[in-house]
Amino acid sequence: MCVIASFLLMSMKAPSLRAQLNRLTVVQLKDILRSNHQNPFGRKAELLTRIVYLVKHGGYPSCPKCSYGRLKVRLYRRKGESKYYCPGYPVDFRVASYYRCDYVTDQCEKETFEIPSKYNIKQNK
């Protein structure tokens with residue numbers, strides 16, 4: 001009977017990442033995104049989707065030129081012609097002012113997305 005119980009415990013999978021994150025509050029989800037320098041705005045469903053995607057695929061790094069903007073991808077139809085660019089960043093939220101950055105590159109290495117250990121989230125590998 002002990003062998004059967006240990007087999008059942010071994011065969012049980014940990015809950016999915018989305019199910020574990022769904023237990024957290026919106027404030028905690030936003031904190032996870034802020035700790036990785038990602039966009040913390042949106043509803044809970046959007047935050048969950050964003051975190052799951054970033055854990056799986058990684059996030060785009062900060063702009064090396066202006067250091068405040070976050071690189072984005074500009075897709076083109078032909079393979080290998082996509083570019084990464086920095087759209088810039090808002091300078092002041094009270095006044096409609098925006099810094100436009102002109103940085104463009106062909107290569108971009110994504111950053112790993114880490115969930116802080118204080119949330120006790122186990123990621124399935």
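The stops below cover a helix, the loop after it, a pocket and several salt bridges.

Before selecting anything, note that this is a predicted model, in which local features need pLDDT of at least 70 and side-chain atom pairs count only at pLDDT 80 or more, while totals for chains, interfaces and linings use all residues. Residues are numbered from 1 along each chain as its sequence is written, and side-chain values use heavy atoms, with hydrogens and water left out.

**Stop 1: helix α3**

Select residues 26–35, which form helix α3; helices here are DSSP runs of H or I with at least four residues, strands are runs of E with at least two, and both are numbered from the N terminus. Within α3, colour L29, I32 and L33, the buried residues of this helix, where buried means under 20% relative accessible area, exposed over 50%, and partly exposed in between, with a 1.4 Å probe and protein chains only. Looking down the axis of α3, you will find that its buried residues fall within an arc of 95°, so they line one face of the helix; the arc is taken over the directions from the helix axis to the C-beta atoms.

**Stop 2: the loop after α3**

Just after α3, select H37, which takes a positive phi of about 60°. Then move to Q38, in the loop between α3 and α4, which is buried at a relative accessible area of 16%. Leaving aside neighbours within four places in sequence, Q38 is in contact (heavy atoms within 4.5 Å) with L33, L54, G59, Y60, R70 and F113.

**Stop 3: the largest pocket**

Which residues are closest to the centre of the largest pocket? Of the 26 residues that line the largest pocket, they are H37, Q38, N39, R70 and K72. A pocket is an open set of points, on a 1 Å grid over the protein atoms alone, where a 1.4 Å probe fits and protein lies on both sides within 12 Å along at least five of seven lines, and lining residues have an atom within 4 Å of a point. About 760 Å³ of space lies in this pocket, and its lining divides into 12 nonpolar, 9 polar and 5 charged residues. Select α4 and β3 (89–92) as well, because each supplies at least two residues of the lining; the largest share, 3 residues, comes from α4.

**Stop 4: salt bridges**

Finally, show the side chains that form salt bridges, counted when a side-chain nitrogen of Lys or Arg is within 4 Å of a carboxyl oxygen of Asp or Glu; the count comes to 5.

- Select E111 and R70, which form a salt bridge with their closest N and O atoms 3.5 Å apart. E111 is in the segment after β5 and R70 in the loop between α4 and β1, 41 residues apart; E111 is partly exposed at 35% relative accessible area, whereas R70 is buried at 19%.
- Select D31 and K118, whose side chains meet in a salt bridge (3.4 Å, N to O). D31 belongs to α3 and K118 to the segment after β5 (104–105), 87 residues apart; D31 is partly exposed at 29%, and K118 is exposed at 59%.
- Select K65 and D102, which form a salt bridge with their closest N and O atoms 2.1 Å apart. K65 lies in the loop between α4 (44–57) and β1 (72–74) and D102 in the loop between β4 (97–99) and β5, so the pair ties together parts that are 37 residues apart in sequence.

Conventions. Points joined across faces, edges and corners; volume = space filled by probe spheres on them. Nonpolar A, V, L, I, M, F, W, Y, C, P; charged D, E, K, R; others polar.
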